[in-house]
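I opened this notebook page to keep track of what I looked up, starting with the charges and then moving to single residues and helices.

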Amino acid sequence: MSERTTYRKKLIEVAIPLEAINEASSREKSIRHGHPSTLHLWWARRPLASARAVLFASLVDDPSSRTDEFPTEAEQDAERERLFDLITELVQWENSNNEEVLERARAEIRRSVGDELPTVYDPFAGGGSIPLEAQRLGLPAKASDLNPVAVLINKAMIEIPPRFANRPPVNPSRDDGSKDQKWKGASGLAEDVRYYGQWMRDEAFKRIGHLYPKVQLPEQRGGGEATVIAWLWARTVSSPDPSFRDVMVPLVSSFWLSKKRGRMAWVEPIVGDGRYRFEVRTGKPNNPEQIAKGTKRGRGANFECIVSGSPLTPDWIKEQGCEGKMGAKLMAIVAEGRKGRLYLPPSRAMEEVALKTEPEWRPDFEIGGDRRALWTPLYGLNTFASLFTSRQLTALTTFSDLIAEVIEEVRKDALASGMADNQEGIDSGGSGARAYAEAVGTYLAFAVDRGADYYSTLATWQVTGSFVGHTFTRQAIPMVWDYAEGNPFSESTGNFLGAVAWIVKVI
């Protein structure tokens with residue numbers, strides 16, 4: 001080469017304010033509402049603060065490379081500290097959409113690289129932190145991944161919102177003068193996701209609301225009806241004692257319903273004449289250790305027959321499960337009370353509604369063979385369908401079917417609002433009525449996915465917080481013995497509109 005190109009060191013090659021970046025990244029873990037990580041489950045999430053800081057520091061020149069502007073070491077140190085202060089501001093969650101701070105950062109990038117900004121390409125984008133933050137800093141961003149879930153998450157975070165930015169909502173409840181309003185960013189899109197999420201919920205209730213009946217309250221609880229939050233079930237197998245072989249006994253990891261101070265509640269099994277039933281007790285228990293043990297008698301799948309006292313060994317439970325003899329017994333009902341959760345005993349009517357439900361479709365696909373993380377096949381739960389109750393499958397199928405219907409509903413309303421009528425969908429780069437409808441449908445499909453994470457027999461009742469936990473507490477499908485069947489039509493944990501609300505806040 002006749003001329004040697006002078007390379008300018010970037011800030012990241014010399015120093016960055018690691019403590020401030022680490023602190024902001026750590027704090028992100030406790031931020032839930034509106035954080036992109038809550039849009040859809042993805043295991044390998046990268047902190048947004050770190051991605052933002054690294055991108056900025058990788059493009060901005062270190063002051064030591066600009067000796068014409070900062071000839072002395074002292075001047076370079078002072079300039080570096082100024083950039084550190086900007087990064088410290090930039091990584092704060094509250095400044096994620098602070099245009100004043102972001103524009104200062106963009107100006108520094110342009111100062112170092114010129115107006116022709118480099119394209120950031122992430123070939124293994126995963127949860128999308130890097131392309132999202134590149135876009136926030138004004139950089140062209142491209143992303144890809146082998147996993148189709150990751151691709152869809154990236155489309156929803158990076159591709160769809162800019163395409164429909166600064167547009168008013170199209171739903172019929174919009175104000176007549178909405179076109180004259182300032183719908184900044186994706187706020188109009190978010191409003192439509194909220195509206196059509198409510199439409200989906202209402203349509204689903206018309207079709208399957210009868211499967212989620214209200215519970216009758218006893219007179220001592222004020223009488224009347226209450227909406228059920230969750231039905232709490234225990235898996236059952238037949239007793240190993242030949243004298244009680246016809247009795248399906250429960251496998252319960254704990255009888256606790258609530259451990260909140262002043263609101264303790266638990267299930268108490270009443271055994272007699274070779275049979276048992278469940279009652280609900282409140283107050284202060286005399287035997288908290290026994291309540292906490294449930295019917296377990298050791299680690300893993302070691303239980304005791306509640307009727308005969310015989311051991312229920314792992315081999316016995318596996319044999320029963322693999323022969324298709326594992327069942328379920330309703331232990332308790334959690335309902336919405338005026339002053340908090342109500343814990344009620346099971347009823348035959350409630351049990352029958354659930355057990356007599358028959359879904360129109362089942363995902364009868366085999367669960368993979370890796371037993372390091374996929375444990376349910378050891379107990380006869382070999383297909384994905386076996387991880388859901390019939391009522392849960394019916395609900396998830398209903399909500400899934402409604403996605404196609406809601407897309408058509410949005411398309412009609414978009415046309416009525418004056419949006420362009422063309423046949424290009426979201427994948428073809430369209431920005432008209434059809435593409436917009438598919439965009440809204442994508443976010444609502446994410447709400448169904450959130451529902452699937454809660455509506456399975458691997459979701460447990462969390463006794464310390466009194467709510468339904470979700471399925472994927474870790475990257476595995478473990479065996480769960482007693483589970484919570486949430487109500488998608490309640491106003492409490494795991495309900496469908498709650499899933500929609502999380503997504504709306506992210507948008």
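**Entry 1**

I began with charge and noted 64 positive and 68 negative side chains in the chain, the centres of the two sets lying 6 Å apart. For this count Lys and Arg are positive and Asp and Glu negative, while His and the chain ends are not counted; the place of each charge is taken as NZ of Lys, CZ of Arg, CG of Asp or CD of Glu.

I must keep in mind that this is a predicted model, in which local features need pLDDT of at least 70 and side-chain atom pairs count only at pLDDT 80 or more, whereas totals for chains, interfaces and linings use all residues. Residues are numbered from 1 along each chain as its sequence is written, and side-chain values use heavy atoms, with hydrogens and water left out.

I then looked up the overall make-up and found 14 helices and 16 strands in the chain, where helices (H or I, at least four residues) and strands (E, at least two) are DSSP runs numbered from the N terminus. The C-alpha atoms fill a box of roughly 95 × 55 × 45 Å along the principal axes. Of the 507 residues, 49% count as buried, which here means under 20% relative accessible area, with exposed meaning over 50% and partly exposed in between (1.4 Å probe, protein chains only).

The chain exposes about 24,900 Å², and carbon and sulfur atoms supply 50% of that area; accessible areas come from the Shrake-Rupley method with a 1.4 Å probe, and for residues only the protein chains shown count as cover. I also noted that, among contacts (heavy atoms within 4.5 Å) between residues at least 6 apart in sequence, 66% join residues at least 24 apart.

**Entry 1: cysteines**

How many disulfides does the rule give? The count comes to zero, a disulfide being taken as a pair of cysteine sulfur atoms within 2.5 Å.

Leaving aside neighbours within four places in sequence, F70 is in contact with P63, E75, Q76, E79 and R111. As a check on distance across the model, I took F70 and G294, which are 224 residues apart in sequence and 71 Å apart in space, C-alpha to C-alpha.

D62 is found in the loop between helix 3 and helix 4, and with a relative accessible area of 0% D62 is buried. With neighbours within four places set aside, D62 is in contact with K9, K10, L11, V14 and R80. The C-alpha atoms of D62 and Q76, 14 residues apart along the chain, are separated by 8.3 Å.

**Entry 2: helix 6**

Helix 6 (residues 129-136) is mostly covered, six of its eight residues being buried, and I wrote these down as S129, P131, L132, E133, A134 and R136. They pack against helix 3, helix 5 (99-113), strand 1 (120-122), strand 2 (141-143) and helix 7 (148-163). Just after helix 6, G138 takes a positive phi of about 85°.

**Entry 3: positive phi in residues other than glycine**

Is D273 buried or exposed? D273 sits in the loop between strand 8 (265-272) and strand 9 (275-282) with a phi near 55°, and it counts as exposed because its relative accessibility is 83%. S466, in the loop between strand 14 (461-462) and strand 15 (467-468), has a positive phi of about 60° although it is not a glycine, but S466 is buried, with a relative accessible area of 2%.

Which residues of helix 14 (residues 496-506) are buried? I listed F496, A499, V500, I503, V504 and V506. Seen down the axis of helix 14, these buried residues fall within an arc of 155°, so they line one face of the helix; the arc is that of the directions from the helix axis to the C-beta atoms. They pack against helix 8 (187-208), helix 12 and helix 13 (433-454).

In helix 12 (residues 390-416) I looked up Q392, which counts as buried because its relative accessibility is 2%. Apart from neighbours within four places in sequence, Q392 is in contact with L387, Y455, S456, T457, A484 and E485.
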